[in-house]
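Keep the 3D view open and follow along as we go.

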Amino acid sequence: MLKKLYKNNNPFLFSAYNGKAKLKCYLMSSKPAKNSSLQIALIYSAAGIIWIFLSDLISNLFFHDVESLVLFQISKGLLFVGLTAVLIYFLVHKQLKRKNHLINFLNKSEHWYNAMLSNIPKVEVFLFSPDGKIILSQGKVLASQGIDISLFAGKALNDTDLSMRAKAFFSPRIDSLLKGNTFNEIFESEKRYYDVHGECLRNEKSEIFAGLVVVTDVTEMYELIAELKESKHKLEELNKDHSIQYMQLIEQNVKLKELNKKIKHAQEKAEESDKLKTAFLTNMSHEVRTPLNGIIGFSEILIANNVSKGEIQDYSRIISQSGSRLLHIMDDVLLMSQIQAEQFQIKADKVIYDQFVQGVTSALQGFVDKNEIRRTLSFDLDTSLTEAILFLDKGAVIKVLTRLLDNAIKFSNQDSEIKIQLLKLESNNLGITVSDHGMGIPEDKRESIFKRFVQVNPNVLTPAAGNGLGLSIVKELLNLMEADISVDSEEGKGSKFTIRIPNVIASQKLNASDMNSNEELPRANKILVVEDVLDNFILIRAYLKRFHVTLHHVITAKDAYKFVEKNPDVDLILMDIRLPDDTGINLTQKLRAIGVKCPIIAQTAYADSKDKFLCLQAGCDDYLAKPIMKSQLLQTLNQFVMLEPVIS
C-alpha cells in the first residue's frame, strides 16, 4: 500500500498519533542524481559532436576510395552504437539499482510500521483513501473483540462488520475528516470507552491524499477515573462527615462552655441560696420563737390560780396576737410551698366592686386591729367603679394586699399613715397602690426584694427583719394573675407599690342577676358539726355561745350519715375533711346523693386552693381554713343562715 501511495504522491508525509506521543515517519524519494546524469549526457553529446567532426576530417584526410570510406563509416557507427549501449546500460543499471534499493527500503519500512502498529496494545489505526475506503487497518482493538481487520482493506466503512452504532458514530466524522476537518472524541460501546482521533494527511501541494484515524482503548483509564471519582466522592463524604463531626464537636464545646457557665452560675446561685436559706432559717427561728414565747409563757401564767381578771384579759390578748402572728408566718411558708409545687390556683369569679372593696378594707383593717398595730389606714377609692362588676380572685388579691400592708407596717414608724388606693386604669385594668412613709428601699435592692429569702438588711435582726417571703409571695401570686407590680421608693421618705391587674373590670353597671337576693335567709336552729377533734368543736361552740342555735357533734362519717337520715331538718353542716373512717368530701357526695339540700361548709387544716376546689366540686357550699377565727366563721354562716343573738 505504501508503494502505491509513494508512486502516486512522490514525495509524501505520513503522520500517525498514539495518545500524546506523536510518531513521525518521513519517506522521501531517492531521485537519480540530476547533476551526474546531465554531465554524462553533455559529455557524451560533446564527444559525439567531436567524434562526428573528427571522423569526417579523418575520412577526408585518409580515406579516398569508397570501399575504405564505407568500411570506416561502418566501424565508426559500430563504435558509436557500442559506446552508446555501454553508456545506456550504465545509466539504466544504476537507476534500477537505486529503485530496487528504494523498494527494499519501503518494504522494510512497511513491515516495521505494520509490526509496530500491530503490537501497540489497545490501539487501532485506520487509513482512509479520499474516496472513503479503508487502505490500512492495523491494531489490536478490533482483534480483541473477534473481528478480522484484514478483511477491511479496500472496503468502505459501511461495508465492514462493525456494529451499527459504531458505523453511525464513525461515518459522519470520517466524511468530515476527508473534507479537511479534525476530531478528537470519546466513543462508548458495550461498557468500553475509546479515544478516537482523526487527522487528514496532505502532500506537498496541501492536497488531502488520506485520512488517519487512531482508536485507543481507554476503558481502564475511565475505570480508574471512575474509581478516582468514587474515591473522591467517598473522601468528600468522609470529609463532610468529619466536618459535621467537627462542627458537632465545636457545638458541643460551645454547649459545654455554656453548661459550665450555667453550672458555675447555678453554683453561685446555690451558694447564694444557701446563704439566703441560712439567713431565712435564722430569721424564721426568730420569727417563730417570738410569738411562741408569748403563747407558751402567758399560757403557763394563765394556768396559775393567782391571776386577776384584768391580767387574764391582757395575757389572753397577747396570746391571741402571738397566735395570729405565728399563723401569718405559717401561712407564708405553706403558701410559698403551694406556689412552688404549682398547687395554688387562681379562681377568678364575678365580684361586685362594692363587695370587693368591703372585703379588702375589712381584711386590711382587721389585720391592723387584730395585731394592735399603731398605724392609720386611709383608703382612696375610685367612685366611678361603684356599680362595676370585677372578674378576679378576691381571696388572692387580699393575700397580696395583706402582705404589702405587713411590709409597709414593718418598715414605717408607729402612728404613721399607710394609704391604699383603688383606681380604674386604661383597657379595663384595675390599679391598686400601697404607700407608706417609712425608711424606703435602696435603689440597688428594688429588683431583688421580690426574690425568696432576700431582705434589705439580711445581717441585721430587727423586728422588721421578717422571714424574707412576703414580697416574693406577692410577686408569685401576681404572676399567676398575669398582673404586674412596680416600686417607687426614696430612702428616708417611703415606698409606693403599684399593682396593675389586667382586664378585670367586666362591666361598668350591675345586672339584675348580680344583685343580692332579698329573700330572707332561713333561721339556724340546728347545726351539725362533723369534727373528730373535741377541742375544735368546743371552739365552735364557744364562738356560737351567744346565738340561739342547737349544735350537734359527731366524730365519724358513719355517725354523721345516720344523724342526717334521722334529722332531715338540719339547717347547716360544718364538715371536717379529715375523719377517722372516711373523708368529708366522700361524705358530702353521699349526702348530696340522698337529696340533702342544706348548706354544707367544709372546714380543714389544709389551706390549699386545690382542696377548696375539691370541696366545692363535691357539693360543699363554702370552705373554711383552720384555724377558724370567730369573725370568719360568723361571716361565712351569715351568708347561708340567719343567726339570732341571745339577748342578755
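How many salt bridges does the count come to? The count comes to 16. Please keep in mind, as you look around, that this is a predicted model.

Now turn to helix α5 (residues 219–303), where K234 and E230 both lie, four residues apart, or about one turn of the helix. Their side chains form a salt bridge of 3.6 Å, N to O. K234 is exposed, at 52% relative accessible area, whereas E230 counts as partly exposed at 45%. Further along helix α5 you can find K255 and E251, again separated by about one helical turn because they are four residues apart. The salt bridge between the side chains of K255 and E251 is 3.4 Å, N to O. Here K255 is exposed with a relative accessible area of 53%, and E251 is partly exposed at 42%. Salt bridges can also share partners, and in this way R325, D406 and K410 are joined into one network.

Let's step back for the overall picture. The chain contains 14 helices and 20 strands. Of its 648 residues, 38% are buried. If you take the contacts between residues at least 6 apart in sequence, 64% of them join residues at least 24 apart. The accessible surface of the chain is about 38900 Å², and carbon and sulfur atoms account for 56% of that area.

Which residues have the most contacts inside the largest nonpolar core? They are F356, L401, L404 and I499, in a core of 49 residues. Several elements give two or more residues to this core, including the helices α6 (309–340), α7 (353–370), α8 (394–410) and α9 (470–480), along with the strands β10 (389–392), β11 (417–424), β12 (430–435) and β14 (494–501). The largest share, nine residues, comes from α8. Leaving aside residues up to four places away in sequence, L404 touches V434, L471, V474, I485, F497 and I499.

I50, L54, L57, L61 and F62 make a nonpolar surface patch of about 520 Å². I50 has its place in helix α2 (residues 34–62).

Is D582 buried or exposed? At a relative accessible area of 19%, D582 is buried, because the cut-off is under 20%. D582 lies in the loop between β18 (572–576) and α12 (584–593). Beyond residues up to four places away in sequence, D582 touches A557, I577 and K590. With K590, the side chain of D582 also makes a polar contact of 3.4 Å.

To finish, let's look at the backbone. Most residues other than glycine have a negative phi, and most peptide bonds are trans. P627 is found in the loop between β20 (622–625) and α14 (630–637).

Two residues with positive phi are also worth a look. S427 has a phi of about 55° although it is not a glycine, and its place is in the loop between β11 and β12. S427 is exposed, with a relative accessible area of 52%. N503, another residue other than glycine, has a positive phi near 50°. The loop between β14 and β15 (505–507) holds N503, and at 57% relative accessibility N503 counts as exposed.

Terms used:
Residues are numbered from 1 along each chain as its sequence is written. This is a predicted model: local features need pLDDT of at least 70, side-chain atom pairs count only at pLDDT 80 or more; totals for chains, interfaces and linings use all residues. Side-chain values use heavy atoms; hydrogens and water are left out. A nonpolar core is a set of buried Ala, Val, Leu, Ile, Met, Phe, Trp, Tyr and Cys residues joined through side-chain atoms within 4.5 Å. Buried means under 20% relative accessible area, exposed over 50%, partly exposed in between (1.4 Å probe, protein chains only). Contact means heavy atoms within 4.5 Å. A polar contact is a pair of N or O atoms within 3.5 Å; within protein, one must be able to donate a hydrogen and the other to accept it, and residues adjacent in sequence count only if both atoms are side-chain atoms. Patches are made of residues with over 30% relative accessible area and no salt bridge: like charges are joined within 9 Å, nonpolar side chains (Val, Leu, Ile, Met, Phe, Trp, Tyr) within 5 Å. Accessible areas come from the Shrake-Rupley method with a 1.4 Å probe; for residues, only the protein chains shown count as cover. A salt bridge is a side-chain nitrogen of Lys or Arg within 4 Å of a carboxyl oxygen of Asp or Glu.
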